[in-house]
Amino acid sequence: MAVRKIIRMGHPTLRQPARPLTPEEIGSDEIAALVEDMVDTLHDYGGIGLAAPQIDEPVRLAIIDMPGGESRYGDIEAMPLSVFANPQIEVLDERRAGYWEGCLSVPGLRGFVERPQHIQVSATDLDGEPISLTLQGFAATVFQHEFDHLDGRLYIDLIDDTRKLVFEDEFARYGDPTGTDAPLPDQR
Ligand code: NI
């Protein structure tokens, strides 16, 4: 096990599409070891998701670990630690809602991003078994954020109003500087 360095915005790997894993790779010791490192890294840095490119491994692999309950994102549903290889998203309903997103590769910042809130996720687990999940609300946002990393996309690319890209400290103090989005429950 090892905590790896999370690369930050500006590193070219974060802007490259990651390559798919072959079925042979998905069951391999190398990928199992990479996932162990990703879990150690996510838990060390603190966060709810990590994509392999964030530790400079440009493959289509991501993990999500959402404790659920009250959080800085409001009351969220739990998603136990899960691994997704070669994930794909199908949007089931184009209606969007926004959250103040953050990213371990863009430390210290938060930004308001609107995304579809009803999606279907298809992927493969580490045993090569298919995974199919239907997600709504905040969970739908989290999965889209993580899987965007596999296409070289960061949440800041999706901020419509750049006044809503702020430092975390100022966000905790002032909330939305434009006053158009209600502050989150724990930030009132
Ligand atoms: Ni991120």
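Helices (H or I, at least four residues) and strands (E, at least two) are DSSP runs, numbered from the N terminus. The structure is a predicted model, in which local features need pLDDT of at least 70 and side-chain atom pairs count only at pLDDT 80 or more, while totals for chains, interfaces and linings use all residues. Residues are numbered from 1 along each chain as its sequence is written, and side-chain values use heavy atoms, with hydrogens and water left out.

With a relative accessible area of 0%, Leu150 is buried (buried means under 20% relative accessible area, exposed over 50%, and partly exposed in between, with a 1.4 Å probe and protein chains only). If neighbours within four places in sequence are set aside, Leu150 is in contact (heavy atoms within 4.5 Å) with Gln16, Pro17, Ala18, Ala51, Pro53, Val59, Arg60, Leu61 and Pro87. Its C-alpha atom is separated by 18 Å from that of Ile131, a residue 19 places away along the chain.

The helix α3 itself deserves attention. Of its 11 residues, 11 are buried, so α3 is largely enclosed by the rest of the structure. Among these buried residues are Phe143, His145 and Phe147.

The nickel ion is coordinated by Cys103 through SG and by His145 and His149 through NE2, at 2.1 to 2.3 Å. Donors are N, O and S atoms within 2.8 Å of the metal (3.2 Å for Na, K and Ca); water is not among the atoms, so sites may look incomplete. Along the sequence, the donor residues follow the spacing C-x41-H-x3-H. Cys103 belongs to the loop between β5 (79–101) and β6 (109–124), whereas His145 belongs to α3 (residues 138–148), so this pair ties together parts that are 42 residues apart in sequence. Cys103 counts as buried at 10% relative accessibility, and His145 is buried at 8%.

A nonpolar core is a set of buried Ala, Val, Leu, Ile, Met, Phe, Trp, Tyr and Cys residues joined through side-chain atoms within 4.5 Å. The largest such core has 19 residues, and those with the most contacts inside it are Ile64, Met66, Phe84, Val121, Leu135, Phe143 and Phe147. At least two residues of this core come from each of β2 (61–66), β5, β6, β7 (130–136) and α3, and the largest share, 6 residues, comes from α3. Another core, of 17 residues, lies apart from it and includes Ile26, Met38, Val39 and Leu50. In soluble globular proteins, nonpolar side chains tend to be buried together.

Asp56, in the loop between β1 (49–51) and β2, has a phi near 65°, a positive value in a residue other than glycine. Asp56 is partly exposed, with a relative accessible area of 36%. Asn86, placed in strand β5, likewise has a positive phi, of about 50°, although it is not a glycine. Asn86 is partly exposed as well, with a relative accessible area of 23%.
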